[in-house]
Amino acid sequence: MKKTILFLALACCGILSTSAQQMTLRKGVVLDSLQVNDTISESFALYLPKKFELDSRWPVLFLFNMEGKGKHVMQPFLQAAEHQNYILAASNSVNDTLSLTQNVLIASRMINQVLNILPVDSRRIYTGGMDTGGTFASVMPVVSKNIKGIISVGGGIANVDVLAPDSPFQFIGIADINEYSSIEMEASESLLNNLRFSNQLFKYEKNTKPLPMYLIDFGLQIFVLNAMAKGEVVKDMEYVNSAYRQNLRVIDALIKEKKLLHAYDFANEIMEVFRVHLDVSEIKASQKLLRKDKEYKAMKRLASNYKFKEELLQEDYDYAIYEDVDTYNFNNLGWWAYQMQEIKKFQASTIRFEHQMGNRLKDFVDHLVNKNIRQLKEEETLDEEGLSFLYMLNTITEPTDHEAYVEVISLSSKIEDYDTALFYLEELLKTGFKDKQQLYDIPDTALLRISPEYNALMLKYLKEARYDIKEQ
């Protein structure tokens, strides 16, 4: 991947800027499906803050969604962009079905077009996104040195091997503490710290403060504060003090809610952001009190114990799935079913750290299954037996994933293992699946579909069978 990104950096240097198009730009609304240029079908969504004027220079945040849904990825950022006065632009053409090279070239053409038609401050160009879109956004500063920062919700750094300490950028990560991606983002934070890249990692829990919308707003605010520190924006101490006091209130609220570890970590990030602007002794004093607090110490020990347990279980799951796929160990599906029951117990725990661990482990197992399915599908010779195992495992880890059952039925029928196909058909129907047409269109099931057993199940669960069932 390192060579690929270095090649892209050279290739993008040769991209010509497109000519400006005739278009009506409206402020305060999302403009979707704007063409990158007249000769290609690529498009993007655009948002201009209500205060936007052509006679000023504006910061811009380029957003990415790996399903080509620019308007969709903009939604969580709109409020923050309006509040902090950022232009937003999001590609409708970047997609995970394309190669990295293709996606980078598409993103670069969109960036060039926006820079051509709008008065952008060239010192304040940023990228961002959600999940894999955020990870893709981390590739762009390697390709273009004009990009000064990344804000990623749920996605870590793509590849630290290509990062150059002499070309640093700011990375702001926002992670749900109940998702496995928070572990990956912690790893990105550690690596960036070792490279001395400026970065912050903020964690949140759904439906509790600080909300992700607040953290996105604060992320864009951090870019503004950094620009002030570098002299790229006139320093506004009223703005700085207001932001500082607002975040002190967040720390106080976390302490009152007894989220002491969260409060301490958040205080660390706040201190790093604001210490170049003002005296942060108030935060240092707050952290000192926390370190002496018996409840804080007890929470820290408990969190450390669960973290160690989580790491061991992740290693077990990672090794087990590798061995099971490699040896086609269908007998181990029972072990996986037991593990999922154990994870459910963790998720139901009233101990916050155990509950969070359970949620992350469930997310991790889903990640392992999906990653292995994707890898097998990308191989030149399709390993159908390995895929069968993974899809069967998928029905255990995600019982409502109807496509997994369909895949097992198809693959089993292909090798004439009709008993297995019928078993998974009934399991699928038990979940409440109602799409009769899809069941009669499953690939490689022509003989199975005309069997009395197949149609008996259709009659039992869907009250209708396409073929008659004749009594012998």
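## Inside helix 15

Let's start with the buried part of helix 15: Ala-404, Tyr-405, Val-406, Val-408, Ile-409, Ser-410, Leu-411, Ser-412 and Ser-413 (buried means under 20% relative accessible area with a 1.4 Å probe, protein chains only). Helices here are DSSP runs of H or I with at least four residues, numbered from the N terminus. This is a predicted model, where local features need pLDDT of at least 70, side-chain atom pairs count only at pLDDT 80 or more, and totals for chains, interfaces and linings use all residues. Residues are numbered from 1 along each chain as its sequence is written, and side-chain values use heavy atoms, with hydrogens and water left out.

The buried residues of helix 15 pack against helix 14 (384-397), helix 16, helix 17 (436-440) and helix 18 (446-449), contact being heavy atoms within 4.5 Å. From first C-alpha to last, the 13 residues of helix 15 reach 19 Å, close to the expected 18 Å (1.5 Å times one less than the number of residues). Just past the end of helix 15, Glu-416 has a positive phi of about 60°.

## Helix 15 meets helix 16

Helix 15 (residues 402-414) and helix 16 (residues 418-430) have axes that come within 8 Å and cross at roughly 165°. The axes are lines fitted to C-alpha atoms over the stretch in contact, with angles from 0 to 180 degrees between N-to-C directions. That makes the two helices roughly antiparallel (an angle over 145 degrees).

## Inside helix 16

On helix 16, the buried residues are Thr-420, Ala-421, Leu-422, Tyr-424, Leu-425, Leu-428 and Leu-429. They pack against helix 14, helix 15, helix 17, helix 18 and helix 19 (452-462).

## Another pair: helices 8 and 9

Further back in the chain, helix 8 (residues 237-256) and helix 9 (residues 260-274) pack at about 165°, their axes 8 Å apart. Helix 8 and helix 9 are therefore roughly antiparallel to each other.

On the helix 8 side, the contact includes Val-240, Ala-243, Tyr-244 and Asn-247. Helix 9 answers with residues including Leu-260, His-262, Ala-263 and Phe-266.

Note on methods: Parallel < 35°, antiparallel > 145°, perpendicular 65-115°, else oblique. Buried < 20%, exposed > 50% of the residue type's maximum accessible area, 1.4 Å probe, protein only.
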